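Student: I would like to go through this model term by term. For each label, please set the value against its definition.

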Amino acid sequence: MINISKLKNWSPPKSCQEITTIDAHTGGEPLRIILDGYPDLVGGTLLEKRTHAQKNHDDLRKALMWEPRGHADMYGAIIIEPDTPGADFGVIFIHNEGYSTGCGHAVIALTKVIVETGLIPMTEPETEVKMDVPSGFIQSFAQVKNDEVTGVRFQNVPSFVQALDAEVDVQGFGKIKYDLAFGGAFYAFVDVNQVGLDCTEEYYNALVDVGKKIKHAVMDSVSMAHPTEPDMNFLYGTIFTGSAKDPNHHSRNVCIFAEGEVDRSPTGTGVSARAAIHYVRGEIDVGESITIESIIGSTFTVKVAESTSFGPYDAVIPEVSGNAHIIGKNTFWINPDDPLKGGFILR
């Protein structure tokens, strides 16, 4: 019998690039946080560094997000220096298609990891974490009990509605009504009943197909209008809304984003944008909260923390609550002789 434990001491060829990560999930949605081995990024701001990553190191995004190290629905975070004085860190978000502007599930997972691993001293009952993300400055708060993070809440960037009850022609479905809103990224919100589906796992593939069609139809028919940052002006995805399966919850979200990724969580930026929609419609008020399910039944709670103005928009500051779990550490090697070193993606 071979002694398999000896593999613990094995080292790869020196020509291999080594990258280490810690992995977590928030409501089932993965987050791979890069710890070491990623090159330094050049730029004076977070957005400039994100552009540098896109232009110079996109091969590493693909290698870490795509198979065989990841999968079509993997999500990641690159930690960098913050822009805001007093912030703890900055973060660039990566996924199967590229680089996103905001990500609530990642904020929750990062808060969990940063506090529970002791990178920020843990204090009860709450520990504050301050981070810069591409869409703005985020304050999050880890709820701490007996040296464990039992939950996370964060106040998101100003969230607003660009259009209510807009219509778009979608091939095979005719006119589809949607709301266009921003919660750290732009989404088209569609009642799932319009496409004859439901926000459940059995319709996974059909939701991906229709969600991508709607996304591209909306992209072709309307321009996003962020009031301060042109880099935010793209449609990140389609969010189908439907009835909750638990009568104690408000509703359900299924977010189809990037190149057909399906968010396993209710989508932090998505529930933020929904808070703005419900506020504008007069369905929730400042201080009121709703709990929204994901495609697998995990939940986020979102509250309208305050109302505000953001450029020409009547906006809200949403507060999103959820929890994450740390699931492992990885050491990846990228061998220059591997014909699939850059990864591949199957959908």
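Tutor: Of the 347 residues of the protein, 52% count as buried. Buried means under 20% relative accessible area, with exposed over 50% and partly exposed in between (1.4 Å probe, protein chains only). This is a predicted model, in which local features need pLDDT of at least 70 and side-chain atom pairs count only at pLDDT 80 or more, while totals for chains, interfaces and linings use all residues. Residues are numbered from 1 along each chain as its sequence is written, and side-chain values use heavy atoms, leaving out hydrogens and water.

Student: How do you know that the radius of gyration agrees with that of a compact globule?

Tutor: The radius is taken over C-alpha atoms, and the globule rule is 2.2 Å times the number of residues to the power 0.38. With 347 residues the rule gives a value near 20 Å, and the protein has 20 Å, so the two agree. The C-alpha trace spans about 65 × 50 × 45 Å along its principal axes.

Student: Why is α2 called largely enclosed by the rest of the structure?

Tutor: Because 6 of its 8 residues are buried, namely Asp-58, Leu-60, Arg-61, Ala-63, Leu-64 and Met-65. In helix α1 (residues 46–56), the buried residues are Leu-46, Leu-47, Lys-49, Arg-50, His-52 and Ala-53. They pack against α2, β3, β4 (89–94), β5 (99–100) and β6 (126–133), where contact means heavy atoms within 4.5 Å.

Student: What makes a set of residues a nonpolar core, and which residues have the most contacts inside the largest one?

Tutor: A nonpolar core consists of buried Ala, Val, Leu, Ile, Met, Phe, Trp, Tyr and Cys residues joined through side-chain atoms within 4.5 Å. The largest has 86 residues, and Leu-110, Ile-214 and Phe-240 have the most contacts inside it. Helix α3 (residues 104–116) gives the most to this core, with 8 residues. A second, separate core has 19 residues, including Tyr-38, Leu-46, Leu-60 and Ala-63. As for Ile-214, residues up to four places away in sequence aside, it touches Val-170, Ile-176, Val-190, Val-195, Thr-238 and Phe-240.

Student: Why does Ser-135 count as buried?

Tutor: Its relative accessibility is 15%, so Ser-135 counts as buried. Ser-135 lies in the loop between β6 and β7 (136–145). Beyond its neighbours within four places in sequence, it is in contact with Thr-101, Gly-102, Val-157, Phe-182, Gly-184 and Met-232.

Student: And why does Ser-294 count as buried?

Tutor: Ser-294 has 0% relative accessibility and therefore counts as buried. Its place is the loop between β15 (289–293) and β16 (299–310). Sequence neighbours up to four places away aside, Ser-294 touches Arg-252, Asn-253, Arg-264, Ser-265 and Pro-266.

Student: What makes two rings an aromatic pair, and when is it tilted?

Tutor: Rings of Phe, Tyr and Trp (its six-membered ring) pair if their centres lie within 6.5 Å; planes under 30 degrees apart count as stacked, over 60 as edge-to-face and the rest as tilted. A search of the whole structure finds 12 such pairs. Tyr-75 and Phe-257 are 6.1 Å apart centre to centre with 55° between the planes, hence a tilted pair. Tyr-75 is in the loop between α2 (58–65) and β3 (76–80) and Phe-257 in strand β13 (residues 251–257), 182 residues apart. Both are buried. Tyr-236 and Phe-257 also form a tilted pair, at 5.3 Å and 45°.

Student: Why is the pair of Tyr-236 and Phe-257 said to tie parts together?

Tutor: Tyr-236 lies in strand β12 (residues 235–242) and Phe-257 in β13, so the pair ties together parts that are 21 residues apart in sequence. Tyr-75, Phe-93, Tyr-187, Phe-189, Phe-234, Tyr-236 and Phe-257 form one aromatic cluster.

Student: How do you know that Arg-153 lies over the face of Phe-141?

Tutor: A charge sits over a ring if NZ of Lys or CZ of Arg is within 6 Å of the ring centre and within 35 degrees of the ring normal. Arg-153 is at 4.3 Å from the ring centre of Phe-141 and lies over its face.

How values were computed:
Helix = DSSP H or I, 4+ residues; strand = E, 2+ residues; numbered from the N terminus.
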